[in-house]
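Work through the exercises below with the structure open. Each task is followed by a stepwise solution.

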Amino acid sequence: MSVKIGEIPYKERIQKGIADDFMRQAVSSAQGRLRNGRLSQAEALGNWEDWRQLGSEIRTHTLENLDYYLQQLSEQVARRGGNVFFAETAEEANEYVKSVIKKKEAKKVVKSKSMVTEEIGLNKALEEVGAEVVESDLGEWILQLDEDPPSHIVAPALHKNKGQIRETFANKKGYDGSDTPEELAAFAREQLRQDFLAADVGVTGCNFAIAESGAITLVTNEGNAEMVTSLPDTVITVMGMERIVPTWEEMEILVSLLTRAAVGQKLTSYITAITGTRLDEEVDGPDEFHLVIVDNGRSKILGTEFQSALHCIRCAACINACPVYRHIGGHAYNSIYPGPIGAVITPLLEGYDDHKELPYASTLCAACSEACPVKIPLHEHLVRHRQIIVERENKAPMAEKLMMKGFAKWSANPSLYNLSANLAKPALRPWTKEGMIENGPGPLKDWTSVRNFYAPEGQSFRAWFKQRQKEGESNDTE
């Protein structure tokens, strides 16, 4: 990947996220709604685990035969008058799209939502050749106006409230209305309609490419993808090389999983299919179609222990279940892909040097793995990342080594364990209030700066259990 979200150190990004009360409340509320919607729709199917298993099998089969399906896809796209370009790097992908823009002498490019174009930094590349680039997804458009990166895969502007959005519209577009969502949305619709009509080129991402037919499918709720693909004479689709399925049947299964896992819907408002250029009898669609298939590090993951990370269908179910994301937000990950999937895939695509902290942004609670509709073992990948990071550096931090050795000796010695347990309560009494430690000393300070810590009880579990046994025996003899 070629785009990073700033250069702020990891701990500063974490603290910034934790200090943003609005963002944390917005994320917590959204996680609750989206999780409940997902569970409701999963329950309605009646056999959600069977669907998850099928989704996993489809993704496994496709990746194990990826070369075959990519070849089939490219042949079908070419048969329908399209042009296919395989880009090994982000730079190659950007150069190809720039060449199309320059050849068309395009002045305005309108885009539908696409994570892979964010990944490769396409907008900046097109602006370098003099093209105005307009994001047409509402959330992405808001962020583009505010020069702010997305913080969520499905809801990119989740970290902004309506007051902030109104201020952005006022400063950048002269908006003078209220901050009611309906009025803000109506203003955005009016502004974007002019961009749709004036666009020379449309650029899209890709949810799933259908190998057998050469069709590109887009899953949206706003209808902007229809405008992007039907009005401009030239359409360019940019897709990650793994975003492919063998046939329409597999696409329907994965879309059913995607919409339920992402937003708790049976289906989204629009499922758009592009199949090459416009035929003579068709009234809309492009005269010229380009498909850019991006590798950008993905082929290095194929055949490795992390291959299942490429199963991802970008539903954000793992993000919506993650307690760490809930507190630090998307920008803390310093990647276009936040949350558990970002913590897994970003080090694979970009390397460990800039992202070795990400695998530690997890409680290893496995909520992400449980939520994933295609059964990616995300928490296991995070553990393996941690192992590799330690092995790669050939040593754990000295403080960590000493701490773990000390813990091993302490926990293996019953006398030391019991002594420390008995001393813990009086030692922590100055920081204890109503059974909780709210501003702990030493190692507890960072923990208690953002959450409470239960104070140790005066009696250990074993002592309590023995006492209950004695009381029981005493009652029996009576």
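Helices (H or I, at least four residues) and strands (E, at least two) are taken as DSSP runs, numbered from the N terminus. The model is predicted.

**Exercise 1. Describe the chain as a whole.**

Solution. 
- Step 1: count the elements. The chain has 21 helices and 13 strands.
- Step 2: box the C-alpha atoms along the principal axes. The box is roughly 95 × 55 × 50 Å.
- Step 3: check burial. Of the 478 residues, 49% are buried.
- Step 4: Residues 24 or more positions apart supply 73% of them.

**Exercise 2. Characterise the contact of H2 with H12.**

Solution. 
- Step 1: locate the helices. H2 spans residues 21-45 and H12 spans residues 248-263.
- Step 2: get the geometry. Their axes come within 6 Å and cross at roughly 140°.
- Step 3: list the partners. Leu34, Arg38, Gln41 and Leu45 in H2 meet Arg260, Ala261, Ala262 and Val263 in H12.
- Step 4: sort these residues. The contact holds 5 nonpolar, 1 polar and 2 charged residues.

**Exercise 3. Is Val374 buried or exposed?**

Solution. 
- Step 1: Val374 lies in the loop between H16 (367-371) and H17 (378-392).
- Step 2: apply the cut-off. Buried means under 20% relative accessible area. Val374 has 1%, so Val374 is buried.
- Step 3: find its neighbours. Leaving out residues up to four places away in sequence, Val374 touches Arg52, Gly55, Ser56, Arg59, Leu254, His311 and Ile313.

Methods: Residues are numbered from 1 along each chain as its sequence is written. This is a predicted model: local features need pLDDT of at least 70, side-chain atom pairs count only at pLDDT 80 or more; totals for chains, interfaces and linings use all residues. Side-chain values use heavy atoms; hydrogens and water are left out. Buried means under 20% relative accessible area, exposed over 50%, partly exposed in between (1.4 Å probe, protein chains only). Contact means heavy atoms within 4.5 Å. Axes are lines fitted to C-alpha atoms, for helices over the stretch in contact, and angles run from 0 to 180 degrees between N-to-C directions. Ala, Val, Leu, Ile, Met, Phe, Trp, Tyr, Cys and Pro count as nonpolar, Asp, Glu, Lys and Arg as charged, and the others, Gly among them, as polar.
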